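Please read it alongside the model.

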Amino acid sequence: MYFPSKIKEERQKHNMSQQQLGEKLNISRQSISKWERGESYPSIELLIKISDIFDITLDKLVKEDNSLKEKIIKDSQKLAFPRWKLFFDILLIIGFFIILAKISIVIGNKLFDLNIVFLQDSLLFQIGPFFMSIIGAIGSESLAKKYK
């Protein structure tokens, strides 16, 4: 465990108590204590603040601790997740609404003897909404399972 000893060493080198470091970071002393015992790790935002406070690079804090590197990678994946989930959800909704519009046009043409011809000859309009809905649903569901 590299990070726990490094954070304690830097804190002591700068003559700071856990309480003082916690106050600079706007967190509790208990959080600092957990980091120093290796029970938890700070977020990337706090790592940047710590590197500024102690005037050391993020490399010195992060690179030699495999557990911390894994946590940062996992956190960054979670940041990308909402954007992709939103994309697939929007794709699903658009596909669903186009299908509803198509059904409404067909029903309107039959019941009210309308003659609405809205891209009915287009192959893309015929199968596109179906595939949009399927791709949106599969993408959204797979991301939800992957990042529980």
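The radius of gyration is taken over C-alpha atoms, and the globule rule is 2.2 Å times the number of residues to the power 0.38. By that rule, a compact globule of 148 residues would come near 15 Å, but the protein has 27 Å.

## Basis

This is a predicted model: local features need pLDDT of at least 70, side-chain atom pairs count only at pLDDT 80 or more, and totals for chains, interfaces and linings use all residues. Residues are numbered from 1 along each chain as its sequence is written, and side-chain values use heavy atoms, with hydrogens and water left out.

## Overall shape

The C-alpha atoms fill a box of roughly 85 × 25 × 25 Å along the principal axes. The protein has seven helices and zero strands. Helices (H or I, at least four residues) and strands (E, at least two) are DSSP runs, numbered from the N terminus.

Of the 148 residues, 30% count as buried. Buried means under 20% relative accessible area, exposed over 50%, partly exposed in between (1.4 Å probe, protein chains only).

The buried residues of α1 are Phe 3, Pro 4, Lys 6, Ile 7, Glu 10 and Arg 11. They sit on the same side of α1, because they cover an arc of only 165° around the axis. The arc is that of the directions from the helix axis to the C-beta atoms.

Most residues other than glycine have a negative phi. Asn 15 has a positive phi of about 50°. Asn 15 lies in the loop between α1 (3-13) and α2 (18-25), and is exposed at 67% relative accessible area. Asp 55 also has a positive phi, about 55°. Its place is the loop between α4 (44-54) and α5 (58-62). Asp 55 is exposed, at 69%.

A nonpolar surface patch of about 980 Å² includes Ile 93, Phe 96, Ile 103 and Ile 116. Like charges are joined within 9 Å, nonpolar side chains (Val, Leu, Ile, Met, Phe, Trp, Tyr) within 5 Å. Ile 103 lies in helix α6 (residues 66-111). Ile 103 counts as partly exposed, at 44% relative accessibility.

Ser 133 is in helix α7 (residues 123-146). Ser 133 is buried, with 12% relative accessible area. Beyond its neighbours within four places in sequence, Ser 133 is in contact (heavy atoms within 4.5 Å) with Leu 91, Leu 92, Gly 95, Phe 96 and Ile 99.

Key. Patches are made of residues with over 30% relative accessible area and no salt bridge: like charges are joined within 9 Å, nonpolar side chains (Val, Leu, Ile, Met, Phe, Trp, Tyr) within 5 Å. Accessible areas come from the Shrake-Rupley method with a 1.4 Å probe; for residues, only the protein chains shown count as cover. A salt bridge is a side-chain nitrogen of Lys or Arg within 4 Å of a carboxyl oxygen of Asp or Glu.
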